[in-house]
Amino acid sequence: MTLKNFIDSLSHRLEKVYPAAEANAVAVRCVISILSIPDYKRLSEPAMEIPSDKEELLNAAADRLASGEPLQYVLGFTEFAGLRIRVAPGVLIPRSETEQLYELAAQDCDRMMGCSDDDTFNILDLCTGSGCLAYAFAAEFPEAHVYGCDVSEDALRIACRQRVKLQGARPVIFQADVLKPPPAGLPRFDLIISNPPYVRESEKQYMHGNVLDHEPHLALFVPDEDPLLFYRNIAEWAEFLLKDGGSLWLEINEALGAETSALFTGAQLIQDINGKDRFILVKK
């Protein structure tokens, strides 16, 4: 089968799962990733014959995509802050909002490191999931000591197996439940960052099926009657672990900006690129 024929066929098949333009984009990315070819080849060499062994891989991937499984799980990776991050069922797929959270926090981190006389700079990623934030900080700031924790064993397995090339040390990944007190033995941190579960159960009706059916609900949802439970506990962690002058960065539910800010003294509410209340910065 030719390159063009396969992309057209897969795009048409995926229109049962996605809008037409998105179906085409998913099909294109799937094909060029599995064939390891640049994007322009689908335009410059549309009649290129797909090798039979690769066609088998593509057909298997097409079946998974047609079932609604997210492309990132099918490929086994996603791009985050210039890094290739492994993802698989059991770990949340990083969103663009979380990448913006990283960019804002990294700017803050760079400023703090430039002003600090302390030889040790510690960063903690609470609810680390795939470890995308922890590894992004470790890659950008090799002199920092980066930690990441999660309650999910599935997430921890993936976070520990990331193959990101780093100039400095790998993040220290450990199991901990943010809804309980911090474990003993942790250092104090200059920066704490977290993208905890914050989607209310009642908001499921607005979410795409490929998220609801495939991504871990443990990393997504909170009960309607107590949607801020993670943030209340993160506030306690930060009170205990954050250094004076340190920063706490959070991703939040856009509908609960004021309520979430009220949990923190001096919280600064920051909007995302879509103009929605998405982040909170707290300076200690």
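Tutor: Start with the element names: helices (H or I, at least four residues) and strands (E, at least two) are DSSP runs, numbered from the N terminus. Residues are numbered from 1 along each chain as its sequence is written, and side-chain values use heavy atoms, with hydrogens and water left out. The model is predicted: local features need pLDDT of at least 70, side-chain atom pairs count only at pLDDT 80 or more, and totals for chains, interfaces and linings use all residues.

Student: In which loop is the place of A81?

Tutor: A81 is not a glycine, yet its phi is positive, about 50 degrees. Most residues other than glycine have a negative phi. The place of A81 is in the loop between β1 (77-80) and β2.

Student: Is A81 buried or partly exposed?

Tutor: Buried means under 20% relative accessible area, exposed over 50%, and partly exposed in between (1.4 Å probe, protein chains only). The relative accessible area of A81 is 27%, so A81 is partly exposed.

Student: What is the volume of the largest pocket?

Tutor: Take a 1 Å grid over the protein atoms alone: a cavity is a set of points where a 1.4 Å probe fits but cannot get out, and a pocket is an open set with protein on both sides within 12 Å along at least five of seven lines; lining residues have an atom within 4 Å of a point. Grid points are joined across faces, edges and corners, and a volume is the space filled by probe spheres set on the points. For the largest pocket, that volume is about 940 Å³.

Student: Which residues are the closest to the centre of the largest pocket?

Tutor: The largest pocket is lined by 35 residues. The closest to its centre are R95, E97, M207, V211 and L220.

Student: Which helix gives the most to the lining of the largest pocket?

Tutor: Four helices each supply at least two residues: α2 (20-35), α5 (71-75), α6 (96-115) and α9 (209-212). With three residues, the one that gives the most is α6.

Student: How many charged residues are in the lining of the largest pocket?

Tutor: Ala, Val, Leu, Ile, Met, Phe, Trp, Tyr, Cys and Pro count as nonpolar, Asp, Glu, Lys and Arg as charged, and the others, Gly among them, as polar. By class, the lining has 16 nonpolar and nine polar residues, while the charged ones number ten.

Student: How many aromatic pairs does the structure hold?

Tutor: Rings of Phe, Tyr and Trp (its six-membered ring) pair if their centres lie within 6.5 Å; planes under 30 degrees apart count as stacked, over 60 as edge-to-face and the rest as tilted. The number of such pairs in the structure is four.

Student: What class of aromatic pair do F137 and F141 form?

Tutor: The ring centres of F137 and F141 are 6.2 Å apart, with 25 degrees between the planes, and the pair is stacked. F137 is buried at 1% relative accessible area, and F141 is buried at 4%. The name for this pair is stacked.

Student: Why is the pair of Y147 and F189 edge-to-face?

Tutor: The centres of the two rings are 5.3 Å apart. The pair links distant parts of the chain, 42 residues apart: Y147 is in strand β4, F189 in strand β6 (residues 189-194). Both residues are buried. The pair is edge-to-face because its planes stand at 85 degrees.

Student: The charged end of which residue sits over the ring of F77?

Tutor: A charge sits over a ring if NZ of Lys or CZ of Arg is within 6 Å of the ring centre and within 35 degrees of the ring normal. K204 lies over the face of F221, at 4.9 Å from the ring centre. Over F77, at 3.7 Å from the ring centre, the charged end is that of R84.

Student: Which residues is H208 in contact with?

Tutor: H208 lies in the loop between β7 (199-200) and α9. Contact means heavy atoms within 4.5 Å. Leaving aside neighbours within four places in sequence, H208 is in contact with V17 and Y18.

Student: How far apart in space are V164 and L83?

Tutor: V164 is buried, at 10% relative accessibility. V164 touches L83, and R84, I85, Y135 and R170 too, not counting residues up to four places away in sequence. V164 and L83 are 81 residues apart in sequence, but C-alpha to C-alpha they are apart by 7.0 Å.
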